[in-house]
Every structure is written in C-alpha cells, then in structure tokens.
Amino acid sequence: MAAAPSAPSAAPAAELLTWKPFLVRAAVSALFGLVTVFWRDPSTLVLSVAGGVYLLLSGVAYLWTHRMAHWGPRFRLVTDIGGGLLLGAGIAGLVFVDDRSFALAGAVALVVAGTVELVRGLAVRNHAASRDLVVVGVVGIVTGAILPFVEQLGAHALLGVTGGGALLTAVVLGIAGLSYRHDSALSASSGSGAQGEPDPVN
C-alpha cells in the first residue's frame, strides 16, 4: 500500500512561493498598525504620510502577490485595478493632506482590492492560499466601508480603523506566509533528497 502524501506535497511548490509577498504585506501592515497604536494624538499630516506610505507599499505588495504566475490568467485585470487603486490612494493621501481625501480614496481602494481578493479566493478554492485571500479580502472590505463614517471624527479615528484592519491583515498573512515558507523548504528538501536517493535494487 502506498504511503499517504506528506503535508508539503499537498500544494504545488509554485503556490507555496506566495509566502514571499505575504510576509512583505504582513510586515508593512504590522509596522503601520503599530504606528497607529502607539501614536497617541496623530495629526492630519501624520495620517496622510503614514497612511499614504502604507497604502503605497500595500499596493506594490498586492500587485506582487497577484501577478505571480501560479495564479493563472484569470482575474489579472481586476487584480491590477485593485493594486492600482491602492497605489493611487497612497499617492492621494500624500498629495492631498486632509482627512476627507484619505477617507474617500482609502475606502474605494480597500473595498475594491478586498473584493477582488475575496472573489479570487472563492474562485481558486484548490489553491493553498485561497482561505487567506478570503479572510484578508473581507478585512479590506470592512475596513474600507467604515472609513467614510469615521471621517468626521478626525485623523485619530481614521488611523485607528485603518490600523486595526492592517493588524488583522498582518496576523493572517504573517501566519500564512511563515507556514508556506516552512512547507516550501520541506518540499524543496524532500525533492532534492528524492533525487539523490539510489534506485532500489530488485
């Protein structure tokens, strides 16, 4: 009887390489989230700079995530739109230093990018990272949907909502990225070990 496949072989090695952009996104989200936690009385300038840089870096890592070849051609256009909106929202936050610009641009970008990740996660259920995309997609949608409603409360509330979503994203993608990195290393080592083994003698 053949032995059951090990955990690393449950997903193709190319899918496990998702750990790279996942860990970058987790690091960016965690750093921004910690800034929002420990900055007690942020100004609109802090909101625009910290939030703008966060959205910019998130957009870059988002595009990196979804342009990896193992996803296939499906949803390429809409993921490019989602990443482009995150980049645009980051630029808008840095250029237009006011609460409303950040709230509106951030809301649109996060909702659209989150919706795209949710849809892609549901569409590729056999992919190793499908559940992670669903979770971070929902987090992005909820975060973006709340932003316009707290705009009147000022920079502290906007940073708090965005930072809360960022911390949740960091936890999900950080755990996922470390798990896929571990599985990828095991898959590579088992593959090289199998190649090095001598052929059995009958």
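## Location of His127

Helices are DSSP runs of H or I with at least four residues, numbered from the N terminus. On this basis, His127 is found in the loop between α5 (99-123) and α6 (130-150). The model described here is predicted.

His127 has a relative accessible area of 7%, and because buried means under 20%, this residue counts as buried. Its side chain reaches the backbone nitrogen of Ala129 at 2.9 Å. Leaving aside residues up to four places away in sequence, His127 touches Glu15, Thr18, His70 and Trp71.

Side chains of opposite charge can pair when their charged atoms come close. The structure holds three salt bridges. One of them joins Glu117 and Arg25, with the closest N and O atoms 2.8 Å apart. Glu117 lies in helix α5 and Arg25 in helix α2 (residues 19-38), so the pair ties together parts that are 92 residues apart in sequence. Glu117 is buried at 2% relative accessible area, and Arg25 is buried at 9%.

## Salt bridges involving loops

Asp80 and Arg67 meet through their side chains in a salt bridge of 3.1 Å, N to O. Asp80 belongs to helix α4 (residues 76-95) and Arg67 to the loop between α3 (44-66) and α4, so this pair ties together parts 13 residues apart in sequence. Asp80 is partly exposed at 25% relative accessibility, and Arg67 is partly exposed at 49%.

Glu151 forms a salt bridge with Arg100, their closest N and O atoms being 3.0 Å apart. This pair links distant parts of the chain, with Glu151 in the loop between α6 and α7 (155-196) and Arg100 in helix α5, 51 residues apart. Glu151 is buried, at 14% relative accessible area, whereas Arg100 is partly exposed, at 48%.

Key. Residues numbered from 1 in each chain as written. Predicted model: local features only at pLDDT ≥ 70, side-chain atom pairs only at ≥ 80, totals over all residues. Heavy atoms only, no water. Helix = DSSP H or I, 4+ residues; strand = E, 2+ residues; numbered from the N terminus. Buried < 20%, exposed > 50% of the residue type's maximum accessible area, 1.4 Å probe, protein only. Polar contact = N/O pair within 3.5 Å; in protein donor to acceptor, adjacent residues only side chain to side chain. Contact = heavy atoms within 4.5 Å. Salt bridge = Lys/Arg side-chain N within 4 Å of Asp/Glu carboxyl O.
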